[in-house]
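Me: I would like to learn how to read strands, helices, cores and contacts in a model. Take me through the one shown here.

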Amino acid sequence: MSAARDDLAFINRQSFIELQARERAKALFDAETARELVGPFDRVESPWLPLQGVTPQSDDGCVVMKGKISGRPAVVVALEGAFQGGSLGEVSGAKLTAALDLARADSERGILTAAVLLLETGGVRLQEANLGLAAIAEIMAAILALRPYAPVISVVAGTVGCFGGMSLAAGLSSYIVMTREARLGLNGPEVIEQESGIDEFDSSDRALIWAIHGGEQRYATGLADALVEDDTQQVGAAIRGLIAKGVPTVHRSSQVAVYRKRIEALDPTRQFDPKELRAQWGAGDSAPDGISAGGVSAGEEERS
Amino acid sequence: MSEYTGARGTAWFRALTGNLPPMTGDPRSVLTADASIGDTRARFLCVVPDPQARFPCARHGEVGLEEAYTLATRVREVIDSDQNIVKRPIIAIVDVKSQAYGRREETAAIFLAAAAAADAYGSARLAGHPVIALVVGHAFSGGFLTHGYQANRILAFDDDGVMIHAMHKEAAARITRRSVENLDKLGKTIPPLSYDVRDFAKLGLLHKLLHVENPDHPSETETRKVRDELLAAIEDARRSPWDLRNRLESKEARDTRRATIRTRALLETQWREEPGQTGS
């Protein structure tokens, strides 16, 4: 592809990040198949925010849509990063868990239903603290129960990133799709700076942040399965590709021996160089499926 | 309010396993042993502080990369070896400060390590192992998600030294722009905000609160009592479905988590409707 054509594609692209959660979810379905469940007109709101003087939102920042992708049943759950940082409260958590549970129930009776999670989230909503944490534990349990039947695909596209407990939900997913703008990690830079000091992590160092948490790095180290441009077409195509691929033989979070060895091989007397890590974890490993640049294949697990 | 020391985890691990030496070959921050409980054997796991741990941000009882992968390994070992026999109970003794907050951890994808441990516990539960979490001290945030929160049944000591929460109090106050005093006050009327385990019990997530006289120094009588409670929880788990629905069925949950129950019911109804029938 020529550079000129790339430029044209870039100009003509429809940004995925700039869409709101509802539009993002809808854009992924086959035309005319999506319908929203427990939408804003149902007015299921957080019961805890008004008690603290915070205005709730009629969808609690979580959009659930059911329909078809590539002609197959699918559910998409989109978190709205613009409402409370995409954080999980009781209601948004219950919507996400219930969607996964229902996809599992359908899948168990033969209607295989994939789940796509659009994660723009800082994790637990602190105004609902323990109910947010409990919801995330239940979301994780629901992902684990669904993924033997149908793929669970986590997409981290926007600049909010995916942090806190929800990074574990991403980690449990069958596949992770990221953009270069997106970040994925357990603890954000500000939290680390607060807890462990500026010498550990300077949260104003943007280059450092993206070198560690950024989509390009996660993909290059085999921790994400697809790296896409901020382009609705590309995000959709990646998701359709992964749904067609189906359930992985061994999920990444079950490949314990491989990753444990990799951690043992690191020298923690110094900080790790993200570039070196790409060389160690990335290309070179067998990736027979061709999707994951540095992904760990099932074969590697068996050898170890 | 109690400072985290991590001493309780070690104390209860020793008491409940009858001072068995922990399995060798693992980082010293993870204690594992197979010990008798009733007429069965169970795998006991505990994360404890190791001031000499290889990773500097995981030396004070945090769950870091090595802790998470060790837990995952030791739990998967049980799943693999019990495939065709009665599933051994797995008991997570929980006294964790938090997840590890470090740059090394983020670079080496602690999110995946934590997911791997949760995957192992959750997979054990789905495979039919009774997984019981016993919270004897602190259970914070990512640390608890990694070690304990995938259990079929959660037991906790009814004690001021027990704290289950999404974030440490000072940090939560700072981020929500409140004073610690204000946060404490709010916790009295808004149970999910509270740092008191008795308020946590109101959320309906616990199987049971256990009263123990001296949680720092388990006596023989108290150890026996806790063991009996663990056995009862194991039996209860064996009789029940392997998902987490019990966290919504308790009397407390039916009250405090009404919004969850309502949301789930509504979503299920709409899910089953044929396309075109919904108004929105």
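Reply: Keep in mind that this is a predicted model. Start with strand 7 of chain B, which is covered on both faces. Arg153(B), Leu155(B) and Phe157(B) lie on one side, Ile154(B) and Ala156(B) on the other, and all are buried.

Me: What is the general idea behind the two sides of a strand?

Reply: Side chains in a regular strand alternate between the two faces of the sheet. Here, strand 7 of chain B spans residues 153-157, and five of its five residues are buried.

Me: Which strands of chain B pair with strand 7 of chain B, and in what sense?

Reply: Look for the bridges. Strand 6 (residues 131-140) of chain B runs parallel to strand 7 of chain B, joined by four bridges. Within that pairing, Ile132(B) has Arg153(B) as its bridge partner. Strand 9 (residues 208-210) of chain B is also parallel to strand 7 of chain B, with three bridges. There, Phe157(B) stands opposite Leu210(B).

Me: What handedness does the unit of strand 6, helix 5 and strand 7 of chain B have?

Reply: Judge a crossover by viewing the strands as they point away from you; a clockwise path from the first strand over the helix to the second is right-handed. Strand 6, helix 5 and strand 7 of chain B make a right-handed β-α-β unit.

Me: Now chain A. How many residues of strand 4 of chain A are buried?

Reply: Burial is a neighbour count: 20 or more other C-beta atoms within 10 Å make a residue buried. In strand 4 (residues 114-118) of chain A, five of its five residues are buried. Ala114(A), Val116(A) and Leu118(A) point one way, Ala115(A) and Leu117(A) the other way.

Me: Which strands of chain A pair with strand 4 of chain A?

Reply: Strand 3 (residues 72-79) of chain A is joined to strand 4 of chain A by five bridges, and the two run parallel. Strand 5 (residues 152-156) of chain A pairs with strand 4 of chain A over four bridges, also in the parallel sense. Val77(A) stands opposite Leu117(A), and Leu117(A) stands opposite Ser154(A) in strand 5 of chain A.

Me: Which helices complete the β-α-β units that include strand 4 of chain A?

Reply: Trace the chain from strand to helix to strand. Helix 3 (residues 90-108) of chain A lies in a right-handed unit with strand 3 and strand 4 of chain A. Helix 4 (residues 129-146) of chain A lies in a right-handed unit with strand 4 and strand 5 of chain A.

Me: What covers the buried residues of helix 5 of chain A?

Reply: Check both chains. Helix 5 (residues 165-172) of chain A has eight of its eight residues buried. The cover includes helix 4, strand 5 and strand 6 (175-179) of chain A, together with helix 4 (110-127) and helix 5 (141-146) of chain B.

Me: How many residues does each chain give to the contact?

Reply: Chain A gives 71 residues and chain B gives 67 residues. On the side of chain A that touches chain B, the largest share, 13 residues, comes from helix 4 of chain A. By class, that side has 43 nonpolar, 16 polar and twelve charged residues.

Me: Which residues touch the most other members of the largest nonpolar core?

Reply: The general idea comes first. In soluble globular proteins, nonpolar side chains tend to be buried together. Here the largest nonpolar core has 185 residues, and Val177(A) and Val135(B) touch the most other members. Helix 4 of chain A gives the largest share of this core, 15 residues. Domain 1 (7-242) and domain 2 (250-280) of chain B both give residues to the core, so it lies between them.

Me: What does Val135(B) touch?

Reply: Leave out residues up to four places away in sequence. The contacts of Val135(B) then include Ile154(B), Leu155(B), Ala156(B) and Phe157(B).

Me: How far apart are the centres of domain 1 and domain 2 of chain B?

Reply: Taken over C-alpha atoms, the centres are 31 Å apart. Each domain gives five residues to the contact. The side of domain 1 of chain B that touches domain 2 of chain B has three nonpolar, one polar and one charged.

Me: Why does Lys169(B) count as partly exposed?

Reply: Lys169(B) has 15 C-beta neighbours inside 10 Å, so this residue counts as partly exposed. Lys169(B) is found in helix 6 (residues 169-175) of chain B. Beyond its neighbours within four places in sequence, Lys169(B) is in contact with Val180(B), Leu183(B) and Tyr195(B).

Definitions and conventions
Residues numbered from 1 in each chain as written. Chains lettered and ligands numbered in written order. Predicted model: local features only at pLDDT ≥ 70, side-chain atom pairs only at ≥ 80, totals over all residues. Buried ≥ 20, exposed ≤ 12 C-beta atoms within 10 Å, placed from the backbone. Pairing = 2+ DSSP bridges. Contact = placed C-beta atoms within 7 Å. Nonpolar A, V, L, I, M, F, W, Y, C, P; charged D, E, K, R; others polar. Core = buried A, V, L, I, M, F, W, Y, C linked by C-beta atoms within 7 Å. Domains from an automatic or database assignment.
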